[in-house]
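Hello,

Here is the structure I promised to pass on. Please open it first; my notes follow below.

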Amino acid sequence: MGTLSSKPDQLLSSFKVRPMSCDQSTHPQKSIFATLRRPPTSKPTDFIPLFNDCVSVAAARTQEYLTFKDPENKFSPSPEALTEIFLMTYISETVMFSLMDTFNCTVMTPGQKFLLGADWVWAVLDKPTKNPRIQIAVQVLHLPEREGRSLYSKAEEMSDESMQVAQMAASNKNMCEKMVDFCASIGKDCYALFLFMGRKNDKDNIYGVLSNNFQAAIGKCDKIDRSLIENFFRGSRYLHTPTGMMQAIVTKRNDDPLTLMIKFS
């Protein structure tokens, strides 16, 4: 009977290690768990943090001018300037975040403002089609002492044919009523948002009243105006943030009424 060599190198030399062959045509099998993974899908609320950032920056920038006090009382931003500062700041922020493909902002022309009552319209878009799924028509309301000759009065002086048609179509309604009618004609997925650049008891902050049910007030009151809308704040114990406003809108069940008070600054 032979004996094993006591030398380690002789022992190891008796075993030949052959490298494993690797067939390039074969691929390692995927784990069963890999088939359970799905690519991340965008949620309808993904845009909300970006919207909140954009509108918060716009409100803060506008508030700087809203609260400006000229020691010599020679300079005061006009309502048009405050509205444009808010819009321009908001739009520049949305461009930086590439938000336009998800949440769009359409600025109205003077004729559209006079006819529909809106300064701009926000829209939540369906990604495949880019069609508006939810719309928010925004009308800016300024303190009475700031009001004067506004863009609406300038629009009324326009003499082109489309402006004359707009005047004839809505001459018996104020701007608030025009926007309520506009939203009601679209349906419960269109909201009217009245954006207050200051209120009677708080002239330095920006607030909003949003509803898809303002038309319910028609017939129950003489008219829908700033005073009626501002009365929504009376007795309200909670003011939503812009984030809370959008979350309430996108999670609302179809055709349900929704009315919110919001603080933007």
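This is a predicted model: local features need pLDDT of at least 70, side-chain atom pairs count only at pLDDT 80 or more; totals for chains, interfaces and linings use all residues.

**Sheet, helix and surface patch**

Strand E2 (residues 120-125) pairs with E3 in the antiparallel sense, over 6 bridges.

E2 and E3 make a hairpin, with 6 residues between them. Lys 130 sits in the turn and has a positive phi of about 65°.

How much of strand E3 is buried? Of the 11 residues in E3 (residues 132-142), 9 are buried. Buried here means under 20% relative accessible area. E3 is therefore largely enclosed by the rest of the structure.

E3 also pairs with strand E4 (residues 190-199). That pairing is parallel and runs over 8 bridges. Ile 136 has Tyr 191 in E4 as its bridge partner.

Now the whole sheet. It is open and has 6 strands, in the order E1-E2-E3-E4-E5-E6, with mixed pairing. E1 and strand E6 (259-263) are the edge strands, and each pairs on one side only. From one strand to the next, the twist averages 20°.

Ser 211 has Thr 259 in E6 as its bridge partner.

Next, the helix. Helix H3 covers residues 79-97, 19 residues in all. From first C-alpha to last, H3 reaches 28 Å, close to the 27 Å expected at 1.5 Å a residue. Which residues of H3 are buried? They are Pro 79, Glu 80, Leu 82, Thr 83, Ile 85, Phe 86, Leu 87, Thr 89, Tyr 90, Glu 93 and Thr 94. Some background on spacing: an α-helix has 3.6 residues a turn, so residues three or four places apart point the same way. Just after H3, Ser 98 takes a positive phi of about 55°.

Last, the surface. Which residues form a nonpolar patch there? Ile 91, Val 95, Met 100 and Val 107 do, with about 300 Å² of accessible area together. Val 107 belongs to strand E1 (residues 103-107). Why does Val 107 count as partly exposed? Its relative accessibility is 39%, and the partly exposed class lies between the buried limit of 20% and the exposed limit of 50%.

Best wishes

Notes. Residues are numbered from 1 along each chain as its sequence is written. Side-chain values use heavy atoms; hydrogens and water are left out. Patches are made of residues with over 30% relative accessible area and no salt bridge: like charges are joined within 9 Å, nonpolar side chains (Val, Leu, Ile, Met, Phe, Trp, Tyr) within 5 Å. Accessible areas come from the Shrake-Rupley method with a 1.4 Å probe; for residues, only the protein chains shown count as cover. A salt bridge is a side-chain nitrogen of Lys or Arg within 4 Å of a carboxyl oxygen of Asp or Glu. Helices (H or I, at least four residues) and strands (E, at least two) are DSSP runs, numbered from the N terminus. Buried means under 20% relative accessible area, exposed over 50%, partly exposed in between (1.4 Å probe, protein chains only). The expected span of a helix is 1.5 Å times one less than its number of residues. Two strands pair if DSSP finds at least two bridges between them. Axes are lines fitted to C-alpha atoms, for helices over the stretch in contact, and angles run from 0 to 180 degrees between N-to-C directions.
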